[in-house]
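Here are my notes on the salt bridges. Please read them with the structure open.

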Amino acid sequence: MADPGAGEASPAAAPGDGARGPRTRTGGAAALVAAGILGSRLLGLVRQSLIARYLGAGVASDSWLAAFKIPNVLQNLFGEGALSAAFIPVYSRLLGQGRDEEADRTAGAVGAILALAVAVLVLVGVLAAPLLIYLIAPGFTGARRDLTVTLTRILFPGAGLLVMSAWCLGVLNSHRKFLVSYAAPMAWNVVLIAALAWWGPLPDKARVVALVAWASVGGSLLQFVVQLPSVRSVAPRLRFAVRAGSEHVREVLRNFGPVFLSRGVVQVSSYIDQFLTSLLPNGMVTVFGFATTLYVLPVSLFGASISVAELPEMSRSAGGAGVAGEPLRARLEAGLRRIAFLVVPSAVAFIAIGDVLARLVFQYGRFTALDVVYTWAVLAGAAVGLQAGTLSRLYSSTYYALGDTRTPLRFAVIRVTLTAVLGVLLGLLAPRLLGIDVRWGVAGLSASAGMAAWVEFALLRSRLGRRIGATRLGGPFVIRLWALAVVGAEIAVAVQRAVAGWTPILAGILVVGVYGVVYVGGALALRIPEAHGVVGGLARRLGGRR
């Protein structure tokens with residue numbers, strides 16, 4: 001699920017940021033995106049915590065997570081990622097040239113074409129749900145399979161509404177209106193949380209997940225509707241009408257093809273995980289899904305917020321003909337430093353105190369202490385590629401701004417192929433060869449994706465370096481970040497041992513709080529610019545200053 005201050009100074013600008021000519025700073029925009037994503041993700045954690053409480057790790061939760069992933073292919077293929085790469089560069093360029101009327105006609109045509117395509121695919125998905133289960137979760141049989149089919153059919157229309165919500169996001173982001181579009185998923189989460197709180201205690205868990213699925217459809221409609229007033233305010237001349245002959249619409253469709261395939265490749269990776277986890281014992285689909293909820297938090301919060309804020313500005317600068325290497329490289333390196341500063345401690349936390357995080361969010365009701373251990377193992381495996389996967393988002397946005405949608409596709413294919421091979425080796429074969437419980441294969445699956453992410457990252461950086469010049473984070477900078485994170489983790493683990501008898505909530509808040517304070521405090525003491533930017537930006541917002 002996705003999440004104006006464009007002129008505000010970056011909260012974590014690197015030295016020299018903006019020194020090579022005029023440029024729009026995106027720190028304020030990134031902060032708004034991050035605020036929207038943070039609100040949505042925190043509600044998402046509450047939602048997942050309620051699922052863990054009322055469903056645990058069993059048939060009902062496995063069916064819910066598998067069914068939820070299947071129709072979500074619509075949102076992921078046609079939604080935010082694809083529209084951002086194909087639509088925003090064209091639409092933003094027209095706005096930057098002052099051609100607002102033509103921009104609105106293009107947006108209306110894209111919205112109309114998208115609505116027609118999604119309607120057809122929703123119908124196909126509802127009818128073909130039993131076949132999809134065979135393809136995606138072959139290990140599901142009996143009641144688990146039947147329930148998954150039912151839930152998939154309910155959820156498909158909601159996924160179609162989320163695609164249209166992503167179209168609203170593309171329009172609003174191009175107008176530098178970030179908060180509404182990235183806060184809208186909060187409405188969807190609120191509806192599901194209310195449904196889980198109301199129906200969760202019912203003894204028939206199959207009925208519970210069916211009712212929650214219908215609530216999800218209602219939440220999807222609400223997420224779409226709450227953005228429409230803002231879309232109308234920024235694009236008052238926008239009208240839905242199919243104009244496939246428009247030059248700009250054709251450009252969007254041409255861009256959409258490679259991006260669609262690239263998103264499709266990403267979906268293949270997701271479904272490889274789904275396929276392989278379905279072959280593991282009951283509950284592992286749930287464990288993997290819950291761990292993914294925690295893992296994607298820093299990816300979305302830090303990687304997506306900066307990448308989303310940068311894409312419209314890069315696209316305006318590109319003007320459809322490419323961007324001069326030096327200004328673009330300076331912007332890209334500043335973004336990479338901001339992402340690294342925030343993602344490195346996340347990776348270390350997943351390894352060192354992943355059990356604390358899992359216990360804090362999930363260990364209630366039916367979710368057991370052993371489930372927490374397996375969730376921690378998945379997080380530790382995911383930490384292998386967290387930095388690479390998050391930085392790759394910004395590199396991909398740079399390619400899209402340059403009008404190159406094919407290069408990220410080629411490298412995504414390589415990553416997914418490698419993920420599949422390593423997933424079979426580490427997720428299925430390795431536990432048997434080592435003579436350990438096959439459930440530990442979930443950690444091998446997440447680690448395989450992380451290894452492949454580093455390969456994709458290296459390819460993206462190398463190829464882009466030939467076009468705009470080499471981009472670097474700087475060895476000393478990265479070493480300081482990892483050293484600070486490791487020191488913070490050691491202190492946090494010591495605190496964890498000292499409060500072992502406390503409740504999960506109090507212990508988790510204290511341990512995570514200490515870890516964050518040590519990391520940020522150490523970064524401030526070492527005068528790392530990104531730390532001063534983050535703290536200064538937060539202080540300005542708490543003080544009400546823009």
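Are Asp62 and Arg144 buried or exposed?

1. Both residues, Asp62 and Arg144, are buried. Keep in mind that this is a predicted model. The two side chains form a salt bridge, at 2.9 Å from N to O. Asp62 sits in helix α2 (residues 59-69) and Arg144 in helix α8 (residues 142-174), so the bridge ties together parts that are 82 residues apart in sequence.

2. The pair is part of a wider set. Searching the whole structure gives nine salt bridges.

3. Next, Glu530 and Arg337. Their side chains meet in a salt bridge, 2.8 Å from N to O. Distant parts of the chain are linked here: Glu530 belongs to helix α23 (residues 529-542), Arg337 to helix α15 (residues 325-352), and 193 residues separate them. Glu530 and Arg337 are buried.

4. Then Arg467 and Asp404. This salt bridge has an N to O distance of 2.9 Å. It links distant parts of the chain, 63 residues apart. Arg467 is in helix α20 (residues 441-468), while Asp404 lies in the loop between α18 (386-401) and α19 (406-434).

5. The burial of this last pair needs a careful look. Arg467 has a relative accessible area of 44%, so it counts as partly exposed. Asp404 has 14%, under the 20% cut-off, and is therefore buried.

Definitions and conventions:
Residues are numbered from 1 along each chain as its sequence is written. This is a predicted model: local features need pLDDT of at least 70, side-chain atom pairs count only at pLDDT 80 or more; totals for chains, interfaces and linings use all residues. Side-chain values use heavy atoms; hydrogens and water are left out. A salt bridge is a side-chain nitrogen of Lys or Arg within 4 Å of a carboxyl oxygen of Asp or Glu. Helices (H or I, at least four residues) and strands (E, at least two) are DSSP runs, numbered from the N terminus. Buried means under 20% relative accessible area, exposed over 50%, partly exposed in between (1.4 Å probe, protein chains only).
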